[in-house]
Amino acid sequence: MIHIKNLKFGYNRKSLVLDGIDLSLGAGAITGLLGKNGVGKTTLLKLIAGALRPDGGEVSVLGHSPEKRSVDFLSQIYLLPEEMPEMHLTIDKYMSIHAPFYPRFSEDEFRGFLAELEITDTSVSMSKLSMGNRKKVFIAFALATNARLILMDEPTNGLDIHSKSVLRKLLRTKADEDRLIIISTHQVRDLQNILDAVVILDNTKVLLNADTYAITQRLFFGIADGSENPDDVLYSAPSVAGTQIVRVNGKGEESDVDVELLFNAAFNAKQKITELFNK
Amino acid sequence: MFSFKRMAGVMKRDWANNRKTFFILMAVLFVVQIVFSFFTPSVLKFVLYIGLIVTIGKLVFWDYPDGNRRLAALLLPASNAEKYASQWLWAFVILPISVVVAVAAGQFLGYTLITLINSSIWINPFYFLCISWGFVLRILIVETVTFAGCLLFRKSRTLKTWLVAVGYFLFLFFALEKVLSIKSETSWQVSISADTENYLLKMNDEWIAPWWSSDVALAITGAVVVVFLHVWTYFRLKEEEA
């Protein structure tokens, strides 16, 4: 679905935010896009959506060149930005105006998602909604477009605990084999249980791009029991239950991916991570 | 493939977001015109008109100064040509017609009030409509500058566009008309008052310059600038980034 080759992009000529990005992502997954502040996550999402033009390299999304912003392409993608634009429209009006642009939009789903997110009055002006509630409207709209590619930038920012839980459920509901959902987030704990794959950006490059199965095949996440080979431990952190570790999974042990630990391990042992996942 | 249905959808979106500002501005224009009916028109009137027109121009490409709204506009599933056409219709059809209607209505009411207050004075309340085509021409030129300016300037776009528009007008009146006029010393005065009563009075009193000079100058230079700016605006929109 997404093929990126040697992508280069900078907001000025002197420094590149992304330099030599190679990335291939297929449909049927919820992919977490992670990285430190200012590493280029939002920039990459905008490049994929066609809102920015690459300075070099190739970007192909759904068989289209995003920068051309063809109607066919734009009607198959939806980018949910981190900050919502203020609209002086009621929710109903917003839907009636914007829905016709998305051929697979479902009004029933939209209203259903809104209800689940506890937005019941759709005759209220969106300019009167709080930031969190406005975000819920856009999240519901994004999912109801049934776009094949949904890009979300920090979707859980500003959401209450219940709404985060509903969002996880909705995202899992909408994830199917024809759709790719990419979520850029710092709040990894909010979404880690629903991620099928993880991409970590670091210093203009892709540090890690792997699905959760491949990650658990190569890495073990758990509590240290003292029997670990210190050379295999990529990261450790104290916790109430003991010392949490990420280590090389040499024996094929089963564990669940802890995305926060993975993120820290990736930055703590870049060389090792690169070697493990480029085998 | 260009779709009129999608273009109408883009226009509908813009209208829904701008109608409040639109009606407020038209009301302001209407009231200002009533007030102006009681005073002798001056350069100040022109400057105020340009200010109003450029402010109205805020409605054009209204999404683009704001990062989040610009992103939403760029990724709206409509082609660049449809988005451009929608904005073009706003800037060059709907807004000018609305401005003319608001100004004509204001002047009609103003002149009617003058006649009612002082029965010895009679001004044809439809006077504005007789010369409105020249006014419309000027609006279209200013709107063209505004059209490009609204897409070019991100911050303080109204002020910047206003300055460009004033600069353009001054250039047009002081430089080009002066060259085209037969009697150059006074011709610019005629041009500035071209859509006022003074124009007709002066024409009757004294043959200062060819009657067509100011409008031909406007039309010729306007056409060149308008075409250039339209092409430029389209490509600017096409290459716009979030």
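Helix 1 (residues 41-49) of chain A lies across strand 1, strand 2 and strand 4 of chain A, at about 120 degrees to strand 1 of chain A. This is a predicted model, so local features need pLDDT of at least 70, side-chain atom pairs count only at pLDDT 80 or more, and totals for chains, interfaces and linings use all residues. Residues are numbered from 1 along each chain as its sequence is written, while chains are lettered from A and ligands numbered from 1 in the order in which they are written.

A few terms before we dig in. Helices (H or I, at least four residues) and strands (E, at least two) are DSSP runs, numbered from the N terminus. Angles run from 0 to 180 degrees between N-to-C directions, with axes fitted as lines to C-alpha atoms, for helices over the stretch in contact.

- Three strands of chain A make an open sheet in the order 2-1-4, with antiparallel pairing (two strands pair if DSSP finds at least two bridges between them).
- Strand 2 (18-25) and strand 4 (56-61) of chain A sit at the edges, each pairing on one side only.
- On average, neighbouring strands of this sheet are turned by 15 degrees against each other, ignoring direction.
- Strand 1 (residues 2-9) of chain A pairs with strand 2 of chain A over six bridges, in the antiparallel sense.
- If you want one pair to look up, I2(A) has L25(A) in strand 2 of chain A as its bridge partner.

**Helix 4 against helix 5**

- Two packed helices are described by the angle between their axes and the distance between the axes.
- For helix 4 (residues 107-116) and helix 5 (residues 131-144) of chain A, the axes come within 8 Å and cross at roughly 145 degrees.
- E109(A), F110(A), F113(A) and L114(A) of helix 4 of chain A meet V137(A), A140(A), F141(A), L143(A) and A144(A) of helix 5 of chain A (contact: C-beta atoms, placed from the backbone, within 7 Å).
- By class, that contact has eight nonpolar, no polar and one charged residues (Ala, Val, Leu, Ile, Met, Phe, Trp, Tyr, Cys and Pro count as nonpolar, Asp, Glu, Lys and Arg as charged, and the others, Gly among them, as polar).

**K174(A)**

- You'll find K174(A) in helix 6 (residues 161-174) of chain A.
- K174(A) is partly exposed because 18 other C-beta atoms lie within 10 Å (buried is 20 or more, exposed 12 or fewer, partly exposed in between, with C-beta atoms placed from the backbone).
- Leaving aside neighbours within four places in sequence, K174(A) is in contact with L143(A) and R179(A).
- I30(A) is 144 residues away from K174(A) along the chain, yet their C-alpha atoms are separated by 9.6 Å.

**Domains of chain A**

- The assignment gives domain 1 (2-86 + 145-203) and domain 2 (211-277), with bounds from an automatic or database domain assignment.
- Taken over C-alpha atoms, the centres of the two domains are 26 Å apart.
- Where they meet, 12 residues of domain 1 are in contact with 11 residues of domain 2.
- Strand 8 of chain A gives the most to the domain 1 side, with four residues.
- That domain 1 side has seven nonpolar, two polar and three charged residues.

**Chain B on chain A**

- Across the chains, 20 residues of chain B are in contact with 22 residues of chain A.
- Helix 1 (4-36) and helix 3 (67-74) of chain B are the elements that give two or more residues to chain B's side.
- The largest share, six residues, comes from helix 1 of chain B.
- Chain B's side divides into nine nonpolar, five polar and six charged residues.

Note on methods: Two residues are in contact if their C-beta atoms, placed from the backbone, lie within 7 Å.
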